[in-house]
Amino acid sequence: ERIIRRALENNTITFNLQPQYDISHRLRGFEALARLKDEDGTMISPGEFIPVAEKTGLVDQIDSRVFELAVEFVSRVMNETLSNITMCVNVSVRHLMKNNFIEEVRNMLEKYGVPAHFIEIEITESIMIDSTDKARNTISELKAMGIKIAIDDFGTGYSSLSYLNNLPSDILKIDKSFIDVMNNTESNKQYVSMIVSIGHILNLKVISEGVESDDQVDTLKEIGCDYIQGFVWGRPMPAENAMLLVLKDN
Ligand code: C2E
Ligand code: MG
Ligand code: MG
């Protein structure tokens, strides 16, 4: 908690960008991921500091900082290229539930002159399910603004089909745990294939997360997954390297 507070005060929270590709390896965009350094310079993983930030109520400030860095990156892409990238940001439901969340998003987009269609907000499935009407209304309002909504870590929660059908979202992110074991048995593969089908029936795009091998890419191609994010095609990287990727793809 102390390290997070200090990083917020000193404005040293940073971010990495991990590329997302369509199935034929064309750049779709990036996911912005928060990064934090310990006092001795070693990296602390978000798996460690995000839960602390959630508990201590600091996660909103981390989200906002990463959101600003991500929107600023998009404005640079707009100025330097004609690329139409999607920038994905993670938002904690605590943050989403705040009264001024929509206003915060609107102000940030205005500040950097970035149209809403460049932005995708990721919300974790398990948290979406428990969320109230208020969260749902906020999500609908974001969608009405033109922001895309992704359901993160899909498959790890308990979404019912009727629930999914009523949720205003654009894309399902299949959790890495399903991709990890996908090629071990035929039924594991069919399971991922089923998620892709459900997504498509509901008119959603589907992205697989944590894809690490060419074999997994082949399987995902075969079952019709739309997008891929994972070490196989790109690790999280500093913004300068991400910009080079955009320029190369342009
Ligand atoms: P997530 O949103 O599901 O992000 C994907 C995580 O999977 C990232 O970990 C990414 O580095 C990792 N990953 C992607 N591809 C691969 C792969 O092929 N192999 C392996 N082993 N890992 C892969 P990271 O950056 O450590 O982030 C962990 C979690 O922390 C995120 O999971 C997200 O829930 C949370 N998080 C990160 N940044 C933020 C933020 O700004 N705000 C909030 N609220 N949460 C954040
Ligand atoms: Mg995410
Ligand atoms: Mg995820």
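**Cavity, pockets, metal site and aromatic pairs**

The lining of the largest cavity comprises 6 nonpolar, 3 polar and 2 charged residues (Ala, Val, Leu, Ile, Met, Phe, Trp, Tyr, Cys and Pro count as nonpolar, Asp, Glu, Lys and Arg as charged, and the others, Gly among them, as polar). The structure is a predicted model, in which local features need pLDDT of at least 70 and side-chain atom pairs count only at pLDDT 80 or more, while totals for chains, interfaces and linings use all residues. Residues are numbered from 1 along each chain as its sequence is written, chains are lettered from A and ligands numbered from 1 in the order in which they are written, and side-chain values use heavy atoms, with hydrogens and water left out.

At least two of the lining residues come from each of H3, strand E4 (86-90) and helix H5 (101-112), where helices (H or I, at least four residues) and strands (E, at least two) are DSSP runs numbered from the N terminus.

Among the pockets (open sets with protein on both sides within 12 Å along at least five of seven lines), the largest is lined by 34 residues, and those nearest its centre are Glu31, Leu33, Pro46, Asn90 and Asp152. Two or more lining residues are given by each of strand E2 (27-37), helix H2 (46-56), helix H3 (59-80), strand E5 (119-124) and E6, with E2 providing the largest share, 5 residues. By class, this lining contains 14 nonpolar, 9 polar and 11 charged residues. In the second largest pocket, the lining includes Glu125, Phe154, Tyr191 and Met194; helix H8 (161-166) and helix H10 (186-201) each contribute at least two residues, and the largest share, 4 residues, belongs to H10. Its lining divides into 7 nonpolar, 3 polar and 1 charged residues.

Asp152 of the largest pocket's lining also belongs to a metal site, since the magnesium ion (ligand 3) is coordinated by Asp152 (OD), Asp153 (OD) and Glu209 (OE), at 2.1 to 2.3 Å (donors are N, O and S atoms within 2.8 Å of the metal, or 3.2 Å for Na, K and Ca; water is not among the atoms, so sites may look incomplete). The spacing of these donor residues in sequence is D-D-x55-E. Aspartate 152 coordinates the magnesium ion (ligand 2) as well as the magnesium ion (ligand 3), and the two ions are 4.2 Å apart. Because aspartate 152 lies in strand E6 (residues 148-154) and glutamate 209 in strand E8 (residues 205-209), this pair ties together parts that are 57 residues apart in sequence. Both aspartate 152 and glutamate 209 are buried (under 20% relative accessible area, with exposed over 50% and partly exposed in between, for a 1.4 Å probe and protein chains only).

The whole structure holds 3 aromatic pairs (ring centres of Phe, Tyr and Trp, the last by its six-membered ring, within 6.5 Å; planes under 30 degrees apart are stacked, over 60 edge-to-face, the rest tilted). One of them is edge-to-face because the rings of tyrosine 21 and tryptophan 233 have centres 5.8 Å apart and planes at 85°.

Terms used: On a 1 Å grid over the protein atoms alone, a cavity is a set of points where a 1.4 Å probe fits but cannot get out, and a pocket is an open set with protein on both sides within 12 Å along at least five of seven lines; lining residues have an atom within 4 Å of a point.
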